[in-house]
Amino acid sequence: MPLIDVQDLRTHFFTEDGVVQAVDRVSFQIEPGQKMGLVGESGCGKSVTALSIMRLIPDPPGKIVGGKILFDGKDLVQLSQQEMRNIRGGSISMIFQDPMTSLNPVFTVGDQIDEAIQLHQGLEPEEAREKTIEILEMVRIANPERIADNYPHELSGGMRQRCMIAMALSCRPQLLIADEPTTALDVTIEAQILELIDDLNKRLNTALLLITHDMGVIAETCEKVAVMYGGNIVEMADARTLFSDPQHPYTRGLLGSIPSLAVEKENLKIIPGSVPDLINPPSGCRFHPRCTYCKEPCKKSCPDLVDVGNGHYVACFI
């Protein structure tokens, strides 16, 4: 049984200009302890997918209009807000892009982790503080007793992100969602944070959904990859297969645009055009206006995500 099974998820935003089809017919599964990457350009629906799983879509203007999110035998879409509060932060935790806006500036980081532990584990304050120090040590924070008494603004970006990871893991969740967890961090700190997440995944057997636009990060971290474009998943496979044998033109474009020491600057490829308007998306395949392989069927109908062999799924007529 998969830990989480997202089936035909559709999340829309109802605005004055029209309905934004941010997530449209998205399906995927994550096994217990598995590390899955969700990758694509900004605005493709990655973060909205994560917020839909957490049931944190602001309503209005957003709403999950269809599909199921099955977690541990329960459809999260059908749960009440109180039932979701019991799951959110306990069984499922999330690391957000910017820890400075996610941490409460008027409470110490220790108090915020204490609160999560007391809420979900029912411990007394003294026991919760002991667990807080333990989890801060686990995320490799030196002198955790002192750091626990610091306010977010007193810490560096990398230290704040470690505290966010500590809070997310404080109740030993079954699923950790990391939404661009290394945004705005320098390369050295980014590597440390990714290594930390990978290490904790192995030690705690926590499943991971890593959301990023960086294919290099995906290659280093994930076992399975789903590529999103225009609110749809266009390709999904294990990481080795996806990087060695990409089938969708968009995936090929993403991989061809990664700079490396072995590639001359003039050999770098670009994907022409820009991301589609999700209020008035193009007919047929949403990638067809930018696709060099486009044919008439691509303009008329949207291809389904089909298995082309060994669990490699592609949504393409080519």
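These legends accompany close-up views of a predicted model of one protein chain.

**Figure 1. Overview of the protein chain.** The secondary structure of the predicted chain comes to 12 helices and 12 strands. Its radius of gyration is 20 Å, close to the 20 Å that the globule rule gives for 318 residues, so the chain is as compact as a globular protein of that length. The C-alpha trace spans about 65 × 50 × 40 Å along its principal axes. Of the 318 residues, 50% are buried. Among contacts with a separation of 6 or more, 64% join residues 24 or more positions apart.

**Figure 2. Surface and charge of the protein chain.** The chain exposes about 15200 Å², and carbon and sulfur atoms supply 50% of that area. There are 29 positive and 43 negative side chains. The centres of these two sets lie 6 Å apart.

Figure 3. Leaving aside residues up to four places away in sequence, Ile165 touches Ile95, Val139, Ile193, Leu196, Ile197 and Leu200.

**Figure 4. Helix 1 and its buried residues.** Helix 1 covers residues 46–54, and seven of its nine residues are buried, so the helix is largely enclosed by the rest of the structure. The buried residues are Lys46, Val48, Thr49, Ala50, Ser52, Ile53 and Met54. Arg55 follows helix 1 and has a positive phi, near 60°.

Figure 5. Most residues other than glycine have a negative phi, and most peptide bonds are trans. Arg55 has a positive phi although it is a residue other than glycine. Arg55 counts as buried because its relative accessible area is 17%, and buried means under 20%. The peptide bond that joins Asp59 and Pro60 is cis, with omega about -5°. The bond from Pro60 to Pro61 is also cis, with omega near 10°.

**Figure 6. Asn143 in the loop between helix 5 and helix 6.** Helix 5 covers residues 125–138 and helix 6 covers residues 144–148, with Asn143 in the loop between them. Phi of Asn143 is near 55°, a positive value in a residue other than glycine. With a relative accessible area of 40%, Asn143 is partly exposed.

Figure 7. Strand 12 covers residues 313–314 and contains Tyr313. The relative accessibility of Tyr313 is 31%, so this residue counts as partly exposed. Tyr313 and Ala237 are 76 residues apart in sequence, but their C-alpha atoms are 6.2 Å apart in space. Not counting residues up to four places away in sequence, Tyr313 touches Val234, Glu235 and Met236, together with Leu305, Val306 and Asp307.

Note on methods
Residues are numbered from 1 along each chain as its sequence is written. This is a predicted model: local features need pLDDT of at least 70, side-chain atom pairs count only at pLDDT 80 or more; totals for chains, interfaces and linings use all residues. Side-chain values use heavy atoms; hydrogens and water are left out. Contact means heavy atoms within 4.5 Å. Helices (H or I, at least four residues) and strands (E, at least two) are DSSP runs, numbered from the N terminus. Buried means under 20% relative accessible area, exposed over 50%, partly exposed in between (1.4 Å probe, protein chains only). The radius of gyration is taken over C-alpha atoms; the globule rule is 2.2 Å times the number of residues to the power 0.38. Accessible areas come from the Shrake-Rupley method with a 1.4 Å probe; for residues, only the protein chains shown count as cover. Lys and Arg count as positive and Asp and Glu as negative; His and the chain ends are not counted. The place of a charge is taken as NZ of Lys, CZ of Arg, CG of Asp or CD of Glu.
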